[in-house]
Amino acid sequence: MTDLFSPYSFKSLELKNRVVMAPMCQYSVERKDGIATDWHYMHYVSRAVGGTGLIIIEMTDVEPDGRISDYDLGLWSDEQIPALKRIVDACHSYGAKVGIQIAHAGRKAEDAEVPVAPSAIAFDENSKQPRALTTDEVKGMVEKFRSAVARAVKAGFDTIEIHGAHGYLIHQFHSPLTNKREDEYGQDLTLFGREIIQAAKAEMPEDMPLMMRISAKEYVEGGYGINESSEFAKAYKEAGVDVFDISSGGEGPIGASGRPGTHAAYQVPLAKAIKEALDVPVIAVGRLDDPKLANAVIGNEEADLVAVGRGLLRNPYWALEAASALRKTTDVPKQYTNGF
């Protein structure tokens, strides 16, 4: 029977278990140059020592003004490759595989002097007014994603995740709430995302899986739901996405049409729905810190992988603790065997 500690493989990605470290921004690039620091090295490598199967490096941006804050990671320059490669190599030495989330914050770029977006619509009354990208700039943005993915491949990552969720730039393009364009990118709301996916695939080894995080549900008046997200996810799958990382929300201030769940596993039904609608591997995320619950999500075939966020922030050795609690076999570093 498949469980949280069953191996998982897809294309060239071979994982020792189904525990994924969700990408979580550290806001720790003190020099504001986008280059990973010793903090990032210790942060990620400790989770590899702690038994995590797949570590997804936090949102890493394709240009300086694409960062949420100036303290975020970047991959717009070759100078940013070595520090990431150092992390990847160390994680590999402890048995973990590593992905990286490639992104652009769009109108949610807090430190950009003038953020960019599909349309000139601010996130809220306290946010900067973005300007709409020209058609040529949108095409140029696709190339920036392409270049960032090429650098990630050079850094030795095992998989790439395109960030199409949480109200960031790709999400802004495929949401009718934020895309009011009249050009080709307004007529087809998935065009920008599909072009990025195709550009990424062109830079990746053929057997390397491409992941994409999407918000499967919006929480504002007039926002889309699971039916609409299943449709645009289908377009992204046809463009080349292999695995979907299912989250929700982030597109605007919470409205009366619904609120994100606060209960455990509140996003799992969304992951299950996408999995069934598209017949595609999915990652479930959202308050899955309880090992028994995470194990049940896998055992019940609601998702193929489980991403843990807060639990892995609190405890780098969450996976080892989970295996112990579930009485599952996993590789414990010989130095720590007396603890387990």
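Guide: Angles under 35 degrees count as roughly parallel, over 145 as roughly antiparallel, 65 to 115 as roughly perpendicular and the rest as oblique. This is a predicted model, in which local features need pLDDT of at least 70 and side-chain atom pairs count only at pLDDT 80 or more, while totals for chains, interfaces and linings use all residues. Residues are numbered from 1 along each chain as its sequence is written, and side-chain values use heavy atoms, leaving out hydrogens and water.

Visitor: Why are α1 and α2 called roughly parallel to each other?

Guide: The axes of α1 (residues 38-49) and α2 (residues 81-93) cross at roughly 20° and come within 9 Å. Roughly parallel requires an angle under 35 degrees, and α1 and α2 are therefore described in that way.

Visitor: Which residues make the contact?

Guide: Contact means heavy atoms within 4.5 Å. From α1 the contact involves Asp 38, His 40, Tyr 41, Tyr 44, Val 45 and Ala 48, and from α2 Arg 86, Ile 87, Ala 90 and Cys 91.

Visitor: What makes Leu 133 buried or exposed?

Guide: Buried means under 20% relative accessible area, exposed over 50%, and partly exposed in between, with a 1.4 Å probe and protein chains only. Leu 133 has a relative accessible area of 5% and is therefore buried. Leu 133 lies in the loop between β8 (131-132) and α3 (135-154). Leaving aside neighbours within four places in sequence, the residues in contact with Leu 133 include Val 116, Pro 118, Leu 169 and Phe 173.

Conventions: Axes fitted to C-alpha atoms, helices over the stretch in contact; angles between N-to-C directions. Helix = DSSP H or I, 4+ residues; strand = E, 2+ residues; numbered from the N terminus.
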